[in-house]
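User: I'm new to this one. Can you put it up and walk me through a part of it?

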Amino acid sequence: MVMLAMILSFSFLLAACGGDGSGDVEAGTLDGIKERGKLVAGVKYDVKLFGLKDPESGDVKGYDIDLMKALAKHIFGEDKDIDEILELVQVNSKTRMEMASSGEIDLASATATITAEREETVDFSNVYFVAGQSLLVKEGSDIKSIEDLGADTTVIAVKGSTSEKNIREKAPDAKVSLYDDYAQAFTALKSGKGDTLTTDNAILAGMHKQDPSYVLTGGLFTEEPYGMIFNSEDDEFREYVNDFLNEMKESGELAEIHKKWFGEAPPENILKENPHLN
């Protein structure tokens, strides 16, 4: 009997321990977050308007960051200190799905396009941002549209992004040069290692704000619905976050955050259902 009690107590302690992921998923991600006392969210640190780290203050700011702060307050209460209830973890286009799938983070809000291929390994929230792929060039460039990308042009893209796949399909003759993150990609464009940089228009708009001598061109040639990334074995937490986002939309808070970063209200179809939901 004593031995049985010890086994049950040990099992309880394992379930209560958060942070390494697998235990959280088995107990339910939301239960794990509450036991731990904080939300662990994966975000990007190099994408202006969505998640950009200030090198002087160390603060990370953007649309994704404000949404994660609101989610942490929703879970733990408005009166809590945000620094105590929210831990931001840097992810990039290569790591965000694996970290969410393994439970290293509770979710990722990190400019991820919802695709059927990605749905095979992770789950996504409803569409929380609608973007489209475009091109960024030096002002005065001869490149005016995707039709101008031929064998004599080099297109810069980020590894693991849908933009890489799309550009190879849309401009098959162009050379593609890949970088680990957007900061490296933009630096490569400015140093002349490519003729244009391609990714979603909202990310390119952030780069334009950083350096107005680089401009968007050619309009949109894809639609990129963004979703937050979840472990595929925990529908409960994904639905909890979807309900939270719907409440933000109804209250007007989502529109306020969208206007703060992008200067306009979100489209009417924001938060439409993930089109590839299993």
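User: Where does T199 lie?
Analyst: T199 lies in strand β12, residues 196–200. Strands (E, at least two residues) and helices (H or I, at least four) are DSSP runs numbered from the N terminus. This is a predicted model, where local features need pLDDT of at least 70, side-chain atom pairs count only at pLDDT 80 or more, and totals for chains, interfaces and linings use all residues. Residues are numbered from 1 along each chain as its sequence is written, and side-chain values use heavy atoms, leaving out hydrogens and water.

User: Is T199 buried or exposed?
Analyst: T199 counts as buried because its relative accessibility is 1%. Buried means under 20% relative accessible area, exposed over 50%, partly exposed in between (1.4 Å probe, protein chains only).

User: Which residues does T199 touch?
Analyst: Leaving aside residues up to four places away in sequence, T199 touches G132, Q133, S134, S163, Y182 and L204. Contact means heavy atoms within 4.5 Å.

User: Now the sheet. What is the strand order?
Analyst: The order is β11-β10-β12-β9-β13, in an open sheet of 5 strands with mixed pairing. Two strands pair if DSSP finds at least two bridges between them. The edge strands, β11 (175–179) and β13 (214–217), each pair on one side only.

User: How many bridges join β10 to β11?
Analyst: 5 bridges join β10 (residues 154–158) to β11, and the two run parallel. V158 stands opposite Y179 in β11.

User: Which strands does helix α9 touch?
Analyst: Helix α9 (residues 201–210) packs on the sheet and touches β9 (133–138), β12 and β13.

Note on methods:
Axes fitted to C-alpha atoms, helices over the stretch in contact; angles between N-to-C directions.
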